[in-house]
Amino acid sequence: MRDMVLQMRHVTKRFPGVIALRDVNMELYRGEILGICGENGAGKSTLMKVLSGSYAAGEYEGEIVLDGQPVRFAGVHDAQSRGIEMVYQEMNMMLDASIAENLFVGNLPGKRGWVDYKRLYADTRELLERARLELDPKMTVRTLNSGQMQLLSLMRAVSKDPKILVLDEPTTALTDQEVDTLMEILASLRERGVSCLYISHKLEELYRICDRALVIRDGQTINSHDIREVEKKTLIEEMVGRKVENLYPKEEHGFGEEVLRVEHLSVPHPNIRGRNIVDDISFSLRRGEILGIGGLVGAGRSESLGAIFGQYTNGVKKQVFLDGREVSINSPKDAINLGIGFITEERKRNGIIWMLGIRENMSVANLPKLPGKFFVKRDHERKSVGEQMERLRVKAPSMETAVVQLSGGNQQKVILGKWLMSKPRILFVDEPTKGIDVGTKADFYKIMSDLTMQGVSIVMVSSDMPELMSMSDRVLVLAGGKITAELRKDRGEINETAIMAAAIAE
């Protein structure tokens, strides 16, 4: 008989105008890794915030039972004192403190107010070794990349010897090698009897590490499965509440004339002075085509799009031709005026005005195109925004809801809606489905396919191999600052082996 360590019974959480959780039930056993899956906005993170004390007792209905005893948490500290640790998707690190200080903040070794730095650094080295991070404990966190920070956040939680570890989208910022390390750490924790709740949109990760999967949809528990006995198709359909016959609904069609040509593009390396991350590359794009750009992290894919779009110009060399005519793009405004849109990878930094509502965020790139000589006609603006919200199935109480209150997938839909309102001829998309659920992915792919049928041309950077292979008509692979391969779907050249071979060729 399995040893149950946690029950969440009949949990309901209400926000103004929204019921985020409705009578949710969950069970977790000792030494089990339970995958929590569902679309963005399904209530997964809200449920974990109830468990971790971010929402205190009294702010929700229902009860939490630990080791057979009902508990009420007044805050995060109460939950931590009972062995519950949560690693958030948004990393909370003191950037100008050392790695050691970040790992043991609030738990520094020593006596009578004096820190035992010898022990601190020794304990830190042990944790870094377990995470396969070859770093100096005295280094400031600001010098690290996002993947290293994510692994540090995990090890900080592990250092507190938790009974229950909650991970919210833990691999978003990790490389494949770092994901392998994470999986090894979780497997070792499971062997020690630590229980884990694992939230992820990446179903392959759930099948790799989880024992069971719990599906949540629209704030309600739908089903739970032994992960070895459920098909991926079943999980997806339970998550989205409808049949998903084809995750990649790409319609094949002929292409029109060349609409974009980039020649002699060179982009300075962001970290290495005197070196280009992209060095004298050229490519073209045809009407109605999806041009995929593949390559390893650091190959210059995102930098190429940013330089063409005019996000940065310092040291950039390029010639850009639209419809055979050379144009000058020295700022994003220039690109937008020429009919180019850009959904960036760093959506939270570059794609959203956080405290403004959905209506204002969708309209911001389109104000000159909205009716009204001196003032925007609100009725027309609301109609346009409402059409995009309905088309993209944005889940929100109203179009005045602040974007900061939306789930990640709905934020992505708002950004897409902004560019769709501008009716671009060319759309750059950088990691378009990063961090969003499978239902939203299917919607996004359908919209991309529809846009190409309408004559819109798309350049897509993607690290998701099935996405890159399934949605691209051509794939350019970058490595060592150069284009190392151009692969065409109509010739049957696009496959994982060919892409990876070109990605490691320098």
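This is a predicted model: local features need pLDDT of at least 70, side-chain atom pairs count only at pLDDT 80 or more; totals for chains, interfaces and linings use all residues.
Start with Glu63. This residue lies in strand S4, which spans residues 61-66. Is Glu63 buried, exposed or partly exposed? Its relative accessibility is 29%. Buried means under 20% and exposed means over 50%, so Glu63 counts as partly exposed.

Next, look at what surrounds Glu63. Set aside the neighbours within four places in sequence. Glu63 is then in contact with Gln7, Met8, Arg9, Val11 and Pro70. The side chains of Glu63 and Arg9 are joined by a polar contact of 2.9 Å. Asn25 and Glu63 are 38 residues apart along the chain. Their C-alpha atoms are separated by 9.6 Å.

Now move to the helices. Two packed helices are described by the angle between their axes and the distance between the axes. Helix H13 covers residues 378-392, and helix H14 covers residues 408-421. They pack at an angle of about 130 degrees. Their axes are 10 Å apart. An angle over 145 degrees would count as roughly antiparallel, and 65 to 115 as roughly perpendicular. H13 and H14 are therefore oblique to each other. Their crossing is right-handed.

Which residues make the contact? H13 contributes Ser384, Val385, Gln388, Arg391 and Leu392. From H14 come Lys413, Leu416, Gly417, Leu420 and Met421.

How values were computed: Residues are numbered from 1 along each chain as its sequence is written. Side-chain values use heavy atoms; hydrogens and water are left out. Axes are lines fitted to C-alpha atoms, for helices over the stretch in contact, and angles run from 0 to 180 degrees between N-to-C directions. Helices (H or I, at least four residues) and strands (E, at least two) are DSSP runs, numbered from the N terminus. Angles under 35 degrees count as roughly parallel, over 145 as roughly antiparallel, 65 to 115 as roughly perpendicular and the rest as oblique. A crossing is left-handed if the near helix is turned anticlockwise from the far one by less than a right angle, and right-handed if clockwise. Contact means heavy atoms within 4.5 Å. Buried means under 20% relative accessible area, exposed over 50%, partly exposed in between (1.4 Å probe, protein chains only). A polar contact is a pair of N or O atoms within 3.5 Å; within protein, one must be able to donate a hydrogen and the other to accept it, and residues adjacent in sequence count only if both atoms are side-chain atoms.
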